[in-house]
Amino acid sequence: QVQLVESGGGLVQAGDSLRLSCAASGRAFSRYPMGWFRQAPGKERQFVSAISWSGRETEYADSVKGRFTISRTNAQTTVYLQMNSLKPDDMAVYYCAARSLGGGYIDVYTESKMYDYWGQGTQVTVSS
């Protein structure tokens, strides 16, 4: 069983930064590809960023490229999403996801259906 707990959300102004954290517990987490998704009110959940279990490969949605950075600790127990130059369009509930089926050394996954564990989400609010 994998448990994911997100933190770091909050209310910021446009142009500010936030760092989201996703703390994971459970066996073999270090071999799980991870992802961040977000869902705004009235909209479908959308992909934000993903990282391979090795940490060597990352992927970003076009809307966040150059502004967001995903990373994971050496112990592979926490995944981060550094968000810079936040915009009102970034406002959403952000979810961390884990893929317990694993993947290749540099495999990343952008579809939510590829993940089987999810956190409870953390709210990010950006005022203009």
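## Rings, strands and a core

There are 6 aromatic pairs here, counting rings of Phe, Tyr and Trp (its six-membered ring) whose centres lie within 6.5 Å; planes under 30 degrees apart are stacked, over 60 edge-to-face, and the rest tilted. The model is predicted, so local features need pLDDT of at least 70 and side-chain atom pairs pLDDT 80 or more, while totals for chains, interfaces and linings use all residues. Residues are numbered from 1 along each chain as its sequence is written, and side-chain values use heavy atoms, leaving out hydrogens and water.

**Exercise 1. Find out how Phe37 and Phe47 are arranged, and where they sit.**

Step 1: look at the rings. Their centres are 5.7 Å apart with 70° between the planes, an edge-to-face pair.

Step 2: Phe37 belongs to strand β4 and Phe47 to strand β5, 10 residues apart, and the pair links distant parts of the chain. (Strands are DSSP runs of E, at least two residues, numbered from the N terminus.)

Step 3: check the burial. Phe37 counts as buried because its relative accessibility is 1%, and Phe47 does too because its value is 15%. The cut-offs are under 20% for buried, over 50% for exposed and partly exposed in between, with a 1.4 Å probe and protein chains only.

**Exercise 2. Work out which residues share one aromatic cluster with Phe37.**

Step 1: take another pair. Tyr115 and Trp118 are also edge-to-face, at 6.3 Å centre to centre and 70° between the planes.

Step 2: compare their burial. Tyr115 is buried at 6%, whereas Trp118 is partly exposed at 29%.

Step 3: Phe37, Phe47, Tyr115 and Trp118 make up one cluster.

**Exercise 3. Find the rings that have Arg31 and Arg99 over them.**

Step 1: Arg31 lies over the face of Trp53, 4.1 Å from the ring centre.

Step 2: Arg99 has its charged end over the ring of Tyr109, 4.3 Å from the centre. To count, NZ of Lys or CZ of Arg must be within 6 Å of the ring centre and within 35 degrees of the ring normal.

**Exercise 4. Trace the open sheet of 4 strands.**

Step 1: read off the order, β1-β3-β8-β7, with antiparallel pairing. Two strands pair if DSSP finds at least two bridges between them.

Step 2: find the edges. β1 (3–7) and β7 (68–72) each pair on one side only.

Step 3: zoom in on β3 (residues 18–25) and β8 (residues 78–83). These antiparallel strands are joined by 6 bridges, and Cys22 stands opposite Val79 in β8.

**Exercise 5. Decide whether Ser21 and Thr78 are buried or exposed, and list what they touch.**

Step 1: Ser21 sits in β3 and is buried, because its relative accessibility is 16%.

Step 2: leaving out residues up to four places away in sequence, Ser21 touches Val5, Glu6, Ser7, Trp36, Thr78, Val79 and Tyr80. Contact means heavy atoms within 4.5 Å.

Step 3: Thr78 is in β8 and is buried as well, because its value is 14%. With neighbours within four places set aside, its contacts are Ser21, Cys22, Ala23, Phe29, Ser71, Arg72 and Thr73.

**Exercise 6. Describe the largest nonpolar core.**

Step 1: Among 35 residues, Leu4, Met34, Trp36, Leu81, Met83 and Tyr94 touch the most other members. (Such a core joins buried Ala, Val, Leu, Ile, Met, Phe, Trp, Tyr and Cys residues through side-chain atoms within 4.5 Å.)

Step 2: see who contributes. β3, β4, β5, β7, β8, β9 and β11 each give two or more residues, and β9 gives the most, with 5.
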